[in-house]
Amino acid sequence: MLNETFSVIFKLIGKFVMIFGGSIQDTSDVTTEIWSMERQVWIKGPYLPNKVQGAIFTCGVPVNRHHGLFFIERNLCIDAYTYSVKTFAWSNIKHCVIGMTPDFVFTLKLTCSSYMDKHHKMFIVMLHTYVNQDNTFQHKIFSIDATNLTNDLVYVQVLDNCRESNELTIFELRNQIYFARFGRGFIAFYTLETENKTLIEMQELEHPDPLTFAQEDSPHCNMILAWQEVDKQALPFYT
């Protein structure tokens with residue numbers, strides 16, 4: 001297993017769970033681990049494809065009972081890889097499915113989920129959050145055809161400075177894609193309208209005692225979150 005890891009991916013493919021993630025020290029090829037739920041044993045997985053070192057930012061979705069589709073950021077591109085739990089091998093590698101813009105500096109988050117449209121065609125929704133050269137943060141949401149890997153840019157948001165806390169996350173529930181946006185003192189929920197690929201706001205919740213933020217003087221604008229002592233209350237969710 002990896003030491004000093006982050007952005008670790010756990011993906012269910014049939015009766016297997018595949019685990020891999022990022023290493024701060026990219027000095028060697030990174031292996032994967034596979035858990036067999038049927039046999040209740042660990043299986044040593046393959047090295048990441050094409051000598052990908054670290055694979056710090058990755059995401060993936062199961063395509064069917066035997067294959068998983070993974071996206072890995074490397075060399076200013078997001079590449080796509082298919083993995084088979086029948087052959088335990090990588091296949092159908094496609095480079096630079098999504099390319100970075102010239103002002104790209106580094107990724108903060110790469111995550112994805114999937115859904116089936118009314119024609120039973122599979123689409124992947126990818127959220128890519130990164131920092132630009134002018135120290136702005138940017139969220140981009142892509143809709144990717146799981147068959148041919150063509151993609152559409154669904155949503156773009158640029159945050160002008162680091163004090164604009166605006167964490168965005170994605171999840172799937174009953175074949176519907178949802179987003180949760182965490183800002184200073186509020187949480188907003190959105191859903192993806194799959195016909196015309198637009199975000200629709202569902203609900204915004206305000207917190208009575210918002211977070212306090214401190215900012216370090218850093219070129220990459222590191223942020224320190226200082227939680228205040230508040231009464232922990234359950235937030236109502238959209239019904």
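**Salt bridges in the predicted model**

Lys15 forms a salt bridge with Glu38, with a separation of 3.0 Å between the closest N and O atoms. Because Lys15 lies in the loop between β1 (5-13) and β2 (16-23), whereas Glu38 belongs to the loop between β3 (31-36) and β4 (41-47), this pair ties together parts that are 23 residues apart in sequence. Of the two partners, Lys15 is partly exposed, at a relative accessible area of 45%, while Glu38 is exposed, at 57%. The structure examined here is a predicted model, and four salt bridges are counted in it.

A further salt bridge joins Asp145 to Lys121, the closest N and O atoms being 2.7 Å apart. Asp145 is located in strand β11 (residues 137-145) and Lys121 in the loop between β9 (104-116) and β10 (122-132), so that the contact ties together parts that are 24 residues apart in sequence.

Arg74 is partly exposed, at 22% relative accessibility, whereas Asp79 is buried, with a relative accessible area of 3%.

Terms used:
Residues are numbered from 1 along each chain as its sequence is written. This is a predicted model: local features need pLDDT of at least 70, side-chain atom pairs count only at pLDDT 80 or more; totals for chains, interfaces and linings use all residues. Side-chain values use heavy atoms; hydrogens and water are left out. A salt bridge is a side-chain nitrogen of Lys or Arg within 4 Å of a carboxyl oxygen of Asp or Glu. Helices (H or I, at least four residues) and strands (E, at least two) are DSSP runs, numbered from the N terminus. Buried means under 20% relative accessible area, exposed over 50%, partly exposed in between (1.4 Å probe, protein chains only).
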